[in-house]
Amino acid sequence: MKRHISPEVLVVAAISFVGIGLQSRRLNFFEENLSLQRSRHESLDRDASFLSQRIDLLEKSLEEPRPTRKLQNKDALDKKTMKKDYLMLKKALESIEARMDSMEKLSVDIGQDRSLTESPFQKVGDWWVAQSTMFRFPKGIVIGRNNNYCNYGDAVLSVDYGWEGEAANCPSGNGSVAFGLANYATGDFATVTGGKFNEASGTSSAAMGGRLNNVIGDSAIVVGGELNTATGEYASVVGGDNNEAAGWSSAVTGGGNNKASGPYSAVTGGESNNAAEKYTSVTGGSKNDASGELSCITGGTENTVTEEGKYSSISGGKANLVNKEFTTGGNFESKIEDRLNDLEDNNPFICAEKKCVSVNKRFKFTSDITVKGKIQEQRRGTKKNNSSN
């Protein structure tokens with residue numbers, strides 16, 4: 001049975017590993033720096049000693065009445081040239097002494113840095129355990145592989161196992177988070193927590209699981225499913241496939257190929273439904289279209305509330321049409337009449353004045369026949385009359 005590790009545990013582990021790495025690198029850096037400073041100090045000591053010797057020789061030469069030695073090029077060394085060399089060497093010596101003083105001060109400061117010997121981690125078995133303290137990472141944390149093609153934002157978090165040996169996640173928005181596989185959090189403060197091939201580009205947007213989902217609207221969200229899109233601000237899509245929430249604060253819950261494009265509109269399940277105007281809703285069914293403000297379609301198929309059908313509703317059925325305000329149901333009267341006409345055309349009886357008569361028709365009854373009511377009484381009366389005659 002696999003254990004699922006929560007994002008909080010991953011973050012703590014990441015902080016621990018990064019802290020250990022930073023502390024180790026910092027110690028190595030200061031040790032190398034101290035060694036380099038000592039080497040430079042020794043070199044400066046040698047340079048200062050050499051310059052001091054040259055200055056002494058030049059001073060002696062200036063005190064002599066005439067030149068007593070020759071340069072390598074065999075030209076006479078006059079006092080003017082010697083004095084110039086003397087002043088230049090003396091200035092160089094002063095510069096070296098100032099650098100030596102600065103290095104000595106830096107060496108003392110490095111040696112007195114107590115944080116080099118302190119660590120917020122303690123090794124317990126094979127684990128490095130952090131102390132109960134806070135850690136701050138201004139740039140961000142990457143767990144797993146780093147994406148060389150990603151321009152990581154500031155204060156980001158990426159958990160990237162990689163895909164075919166390459167890193168694939170990219171939290172490029174500032175304050176963004178990217179988990180899962182090949183997910184992109186490009187908007188500031190955006191999060192993609194799981195799934196694959198998802199992108200959250202809106203500010204403060206979120207994609208949670210699923211695949212090939214796209215969250216464009218600010219503060220919008222897509223939860224699961226595939227090929228879902230939330231383009232409206234504060235819009236949401238929960239599950240399903242090929243759904244789109246395009247209106248302000250609109251929502252699509254499940255189903256496929258549904259669209260909520262009106263502000264505050266909603267489509268709950270079904271297929272190929274559309275809530276096109278503000279405050280409209282479609283609950284289930286297929287190929288329903290609610291385009292009138294504050295209109296509603298509950299189930300059924302191919303039902304339509306037009307823009308003129310404000311405040312109207314259709315409760316199920318097929319191919320119903322509402323194009324007037326405050327209307328319920330659809331064009332039922334015409335449909336009832338069509339049904340009656342259909343029955344009359346296929347009826348073996350001719351009915352008039354509450355009586356139905358068949359002409360040249362044969363009937364087969366597979367069960368008993370019971371005659372009740374006035375017709376039965378009329379037949380009995382007819383028999384009596386016939387017998388009396």
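These entries record what I looked up in a predicted model, going from its cysteines to its nonpolar cores and then to its surface.

Cysteines. I searched for sulfur pairs and found one disulfide. It joins Cys 150 and Cys 170, whose sulfur atoms are 2.1 Å apart, and I noted a right-handed link with 80° about the S-S bond. The two cysteines are 20 residues apart and link distant parts of the chain: Cys 150 sits in the loop between strand 3 (140–144) and strand 4 (156–160), while Cys 170 sits in the loop between strand 4 and strand 5 (177–178). I then checked accessibility, and both Cys 150 and Cys 170 are buried, whereas Cys 296 is partly exposed, with a relative accessible area of 23%.

Cores. The largest nonpolar core that I found has 22 residues, and those with the most contacts inside it are Val 215, Ala 230, Val 237, Val 252, Val 267, Val 282 and Ile 297. Apart from this core lies another, of six residues, including Ile 141, Leu 157, Val 177 and Phe 179. Returning to Ala 230, I listed its contacts beyond the neighbours within four places in sequence, and among them are Val 215, Ile 216, Ala 220, Val 222, Val 237 and Ala 245.

Surface. I followed up Tyr 234, which lies in the loop between strand 12 (229–230) and strand 13 (236–238) and is partly exposed because its relative accessible area is 43%, between the 20% and 50% cut-offs.

Methods: Residues numbered from 1 in each chain as written. Predicted model: local features only at pLDDT ≥ 70, side-chain atom pairs only at ≥ 80, totals over all residues. Heavy atoms only, no water. Disulfide = S-S within 2.5 Å. Helix = DSSP H or I, 4+ residues; strand = E, 2+ residues; numbered from the N terminus. Buried < 20%, exposed > 50% of the residue type's maximum accessible area, 1.4 Å probe, protein only. Core = buried A, V, L, I, M, F, W, Y, C linked by side-chain atoms within 4.5 Å. Contact = heavy atoms within 4.5 Å.
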